[in-house]
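Good morning, and thank you for coming. Please keep the sequence and the structure in view while I speak.

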Amino acid sequence: MPDFVGGNVKGALMQLGPEADVRVTDSSGQDRSIDDEGDWKICTQQPSPGFLLNGHVIRFGAVLVGESC
């Protein structure tokens, strides 16, 4: 698993490919919908960088670009 923290959600999804099971949530606590992945940056990820995926669910916590994590 690459280190996606600080990167763009859309870029991460493109790199992981359509077969990856990715779930993205709003890390701000405002429970906003992630409509345009290009507007969101990744603050947290599970599994951690270096972890072998082998079908595991990938979870990203994200905020809008320009916001602090």
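Just after helix α1, G17 adopts a positive phi of about 90°. Helices here are DSSP runs of H or I with at least four residues, strands are runs of E with at least two, and both are numbered from the N terminus. This is a predicted model, in which local features need pLDDT of at least 70 and side-chain atom pairs count only at pLDDT 80 or more, while totals for chains, interfaces and linings use all residues. Residues are numbered from 1 along each chain as its sequence is written, and side-chain values use heavy atoms, with hydrogens and water left out.

At the N-terminal end of α1, the cap is N8, with a side-chain oxygen 2.8 Å from the backbone nitrogen of K10.

Which residues of α1 are buried? They are V9, A12 and L16; buried means under 20% relative accessible area, exposed over 50%, and partly exposed in between, with a 1.4 Å probe and protein chains only. These residues lie on the same side of α1, because they cover an arc of only 60° around the axis, the arc being that of the directions from the helix axis to the C-beta atoms. An α-helix has 3.6 residues a turn, so residues three or four places apart point the same way. On the face turned away from the buried side are the exposed residues M14 and Q15. The buried residues of α1 pack against β1, β2 and β3, where contact means heavy atoms within 4.5 Å.

The largest nonpolar core has eleven residues, among them V9, A12, L16 and W40. Such a core is a set of buried Ala, Val, Leu, Ile, Met, Phe, Trp, Tyr and Cys residues joined through side-chain atoms within 4.5 Å. Two or more core residues come from each of α1, β2 and β3.

Let us turn to strand β2, which contains Q45. Q45 counts as buried, at 11% relative accessibility. A polar atom of the Q45 side chain lies 2.7 Å from the backbone nitrogen of F4, and one lies 3.3 Å from the backbone oxygen of P47. A polar contact is a pair of N or O atoms within 3.5 Å; within protein, one must be able to donate a hydrogen and the other to accept it, and residues adjacent in sequence count only if both atoms are side-chain atoms.

Finally, C43 and C69 form a disulfide, with sulfur atoms 2.1 Å apart; the cut-off for such a pair of cysteine sulfur atoms is within 2.5 Å. C43 lies in β2 and C69 in the segment after β3, so the pair ties together parts 26 residues apart in sequence. C43 is buried, at 13% relative accessible area, whereas C69 is exposed, at 63%.
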